[in-house]
Number of protein chains: 2
Amino acid sequence: MASYGIIENFKTKKNPSFLGKAAALAPLLNRHPVRPTRLVEITETHQVVQSEWQVGETEGRRHDVTVRTCGELEDLERRKLKKGDRVTLDFGNHQVGYVSFHVQATGSHFDAPAYIRMKFAEIPCEILEDSSDYHGWISKSWIQEEYLHLDFLPATVKLPRRYAFRYMLIEVLDTSPKYALKISEPVCEYVSAVEMDSVPPLHSGDALLDQIDRVGLKTLMNCTQMVFEDGVKRDRRLWLGDLRLQALANYCTFRNYDMVKRCLYLFAGETFEDGRIGACFFHEPEPCVDDTYLMDYALLFVPTLFDYYEASGDLETLQELYPLAMRQIDICLAALDKAHLVVDKGEDFWCFLDWGEGLNKQAGAQAVLIYSIHCGIRMARVLGDEERAASLSRENEALKKAAVQAFWDEDLKLFVSGQERQVSWASQVWMILAQVFDRETNRKLIHRTRQKNPRIHMVTPYMYHHYIDALIRCDERELALEEIKRYWGGMIRDGADTFWELYDPDNKYESPYGSCMVNSYCHAWSCTPSYFVRKFGLR
Amino acid sequence: MASYGIIENFKTKKNPSFLGKAAALAPLLNRHPVRPTRLVEITETHQVVQSEWQVGETEGRRHDVTVRTCGELEDLERRKLKKGDRVTLDFGNHQVGYVSFHVQATGSHFDAPAYIRMKFAEIPCEILEDSSDYHGWISKSWIQEEYLHLDFLPATVKLPRRYAFRYMLIEVLDTSPKYALKISEPVCEYVSAVEMDSVPPLHSGDALLDQIDRVGLKTLMNCTQMVFEDGVKRDRRLWLGDLRLQALANYCTFRNYDMVKRCLYLFAGETFEDGRIGACFFHEPEPCVDDTYLMDYALLFVPTLFDYYEASGDLETLQELYPLAMRQIDICLAALDKAHLVVDKGEDFWCFLDWGEGLNKQAGAQAVLIYSIHCGIRMARVLGDEERAASLSRENEALKKAAVQAFWDEDLKLFVSGQERQVSWASQVWMILAQVFDRETNRKLIHRTRQKNPRIHMVTPYMYHHYIDALIRCDERELALEEIKRYWGGMIRDGADTFWELYDPDNKYESPYGSCMVNSYCHAWSCTPSYFVRKFGLR
């Protein structure tokens, strides 16, 4: 199902002062050259063997691939590449940056342009996928593939675009019968606003946990660019839900408070005309809010701001953005129905919660509202706005009561959502985070959810984050750790160098886009194991 | 049949002084912006109708296409181009230059890169051809097609490569469901070392002849770049055979003597180690002779130099390059067999004369040698080298005698060539130009050739040039004019904006490359009608 919103005659409100603050906080990116570690051959396998890659699906066709070393980097420039020849470079880990390499002709003088194709792959199977097979609903332009003619040789190819990748394929589409190509000096200028050195290693005593933390840090570092990007291959921009999780992990790791502040001011710098904060924000080429409103994302501006204040102590920013945070709550409160319930907008792209076919969002949205108001109350108290704190408390009681009345199924002892009374993981998790019930009831609820395992399950690490958070809030720290190791550890077992946008252990070829060719394999919302293990000392 | 030579461990001899002279003569290119005149729709038709295009073949599939106006240039930026949409711009005539255009997003903020394909076509059917169908032996890299991602919009796309085209296709491969593209301000910065204004129009009183002259001038102008290029879409470099014809046409039209001088000094500036002049010379990125030797091309350095002297009066250049010109003759004389005949090297790429399957080159090569020696004798006399003139005269008599003895078939009353005693147009034409017989005998021979119409016919305008030249040398000026109008007029009737590399009125889909997708449709060796009509006053 295609999920996007378009607003005709979209009107926005700009706050130049906020945008100015955001601009002043623009980071200088660190740049490091990264060279490939080896030449590899990636081939399709049909038998699934331990230690092999099992990722990716194209229009229903599953790619199980094997990555085999076939040469050292030094071998590269010895190879004479003729029409149809390919080399695949392994850059050793997931990189984000700008690629250059040197191409020379060997044989007679080049008597025709060289024509080459390059493909950049976050995971190995992307190398084998045929872009022409992609027919999903989001743009095929996200596939990192380039065609290039070189009229003069030798040439230094400096690709102007930024790529997110570990593997780089170079295929010679043609030279001429008279000459071949030699490629040398491939290098990626890696970019990030933060440095790995600034974070002390975890040393938890648990190798898997240490690895999960390292991969999480790498994921966050890669996505910390001119803003907190959601994914570095695809989207490459601010999404509010992602920002919140990136910020949480950032406070325990890179501690780049200015980056969070910059992102908050960007979202605040251009809103919908009525003050609603957009779900997504473009920082390039000019700051610009997207015409997508997601109720949960807008509400999560409240905890994102408050988390920032708690982590940084920056009261000035809290004060300045407080009215806008409150406005998000007010807008949602004003839109409730007579029963004090969030109105279900069904299949529209109105509330996110999770990807996953058919998830009803009504109960989850209600819970996010309650959750955000909790946070709003604490914020109001910090700022001495007791009147607002009191009124929000009253609202929240009413919201909780309405939630239980409408969504709690006493027979199932689970929350349901929407007219169809759908049972989903998301509804239970968010109702726990909203503290609609007391801790003990919540603890029973999460266990009951695990036991009944609703068909409408969790698909994204974003939703899994909230599940882990719920476990911790229910004092199930051991279980939280176990689940982190199962879920994020599963990605590592499946070959992740950085954590993925989507991971469903039961359906590894899940994609909300019609093909996992455009799934993102370094996606910031999946970086939060580092937050959990470092913040809560999970071991 | 693939026709190219490769020499392992190729050794050359450089003359830095000559290369310095060539470099000092590098032209400043004139640049003019050219805008499209209309938007067109090019569609395949299966019925051949007068005034329709009937050009091109892909792997045996014939493309008959119709070009239909479908909008004015002003309509372009009103079009919202979504995934799969195409526009084809008609730049009004054949252009050589650098293309830029402006792209903006319309709709929501662009939320994915724009991915576009561009194709440049000299003739309309190229727009419809599928590059993936090309499997010929020369490089598919000559197909003028680009794929481009635009990460940020609006963008001014300035394509860095030079294209040769009249039609430009822009296809939107993808945007996203949220936005479309608008394209505006397409412009081609046309480049040439010469200006059309510098040539007075022909005004022959014959509209077709005037048109043939105009198209010839345009062909020559387009190919007059940093050197005399052979074709501006494909090859894009100096070939000696082409240079000679370009120079001849140039003397009657643009009169850019420096360009000819520069090209002569380039060929002289780096030769084979033994002094042989290469058939082909690369002026970019550094001057470099190709490892291809064609006996006829090397010999034609002699008339090319002498023609230059006669046109320009530049005695100094004649003196300086005279030894190298003589060296070409000496090398060929030294390689004759005992019967004073050029040794037939069969299927090797050793002598050009013409494209066309199966043409035996022995007799033609012998004739070119005689022809060049005639010229060498005149050159020697101008320079007072009477001794050389006398020895060359003796050589030529022996060569002519040997030619008649070996190649003249008294029964057929035609020249034959090679062991198989092949009868071709090329052998007759070159023997006439070599003046092996007297004028009257030659006149009868050309008529006999026309009447018998050997199966091994003429394919290229390059060979047709020599045929027309032969007719004129036989005092058949009227017939020459008629043939010019038939052959080059035929290209115009078939839609040529500039004259083509190949044109066989009996097989319009001829290509020596396995597909006419890579044929060149603005090829300098076909520009010589302007030479004939202006030099000889043909009307």
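**Contacts along the chain.** I began with contacts, meaning heavy atoms within 4.5 Å. In chain A, 78% of the contacts with a separation of 6 or more are between residues 24 or more positions apart.

**Ground rules.** I noted that this is a predicted model, where local features need pLDDT of at least 70, side-chain atom pairs count only at pLDDT 80 or more, and totals for chains, interfaces and linings use all residues. Residues are numbered from 1 along each chain as its sequence is written, chains are lettered from A and ligands numbered from 1 in the order in which they are written, and side-chain values use heavy atoms, with hydrogens and water left out.

**Overall build.** I found 16 helices and 17 strands in chain A. These are DSSP runs numbered from the N terminus (helices: H or I, at least four residues; strands: E, at least two). The radius of gyration of chain A is 24 Å, close to the 24 Å from the globule rule for 539 residues, so chain A is as compact as a globular protein of that length. That radius is taken over C-alpha atoms, and the rule is 2.2 Å times the number of residues to the power 0.38. I also noted that the C-alpha trace of chain A spans about 85 × 50 × 50 Å along its principal axes.

Buried means under 20% relative accessible area, exposed over 50%, and partly exposed in between (1.4 Å probe, protein chains only).

**Two residues.** I picked A249(A), which sits in helix α5 (residues 240-251) of chain A. A249(A) counts as buried because its relative accessibility is 1%. Leaving out residues up to four places away in sequence, A249(A) touches L220(A), C527(A) and Y531(A). C125(A) is 124 residues from A249(A) in sequence and 29 Å away in space, C-alpha to C-alpha.

Next I checked Q328(A), in helix α9 (residues 315-334) of chain A. Is Q328(A) buried or exposed? Q328(A) has 0% relative accessibility, so it counts as buried. With residues up to four places away in sequence not counted, Q328(A) touches G275(A), R276(A), I277(A), A298(A) and L299(A).

**The second copy.** I then laid chain B on chain A: a turn of 180 degrees and a shift of 0.0 Å along the axis give an RMSD of 0.0 Å. So this is the relation of a two-fold axis. Copies are superposed by least squares on the C-alpha atoms of residues with pLDDT of at least 70 in both. Y147(B) comes closest to the rotation axis of the residues of chain B, at 3.0 Å (C-alpha). The same surface serves both copies, as 100% of the contact residues of chain B recur in chain A.
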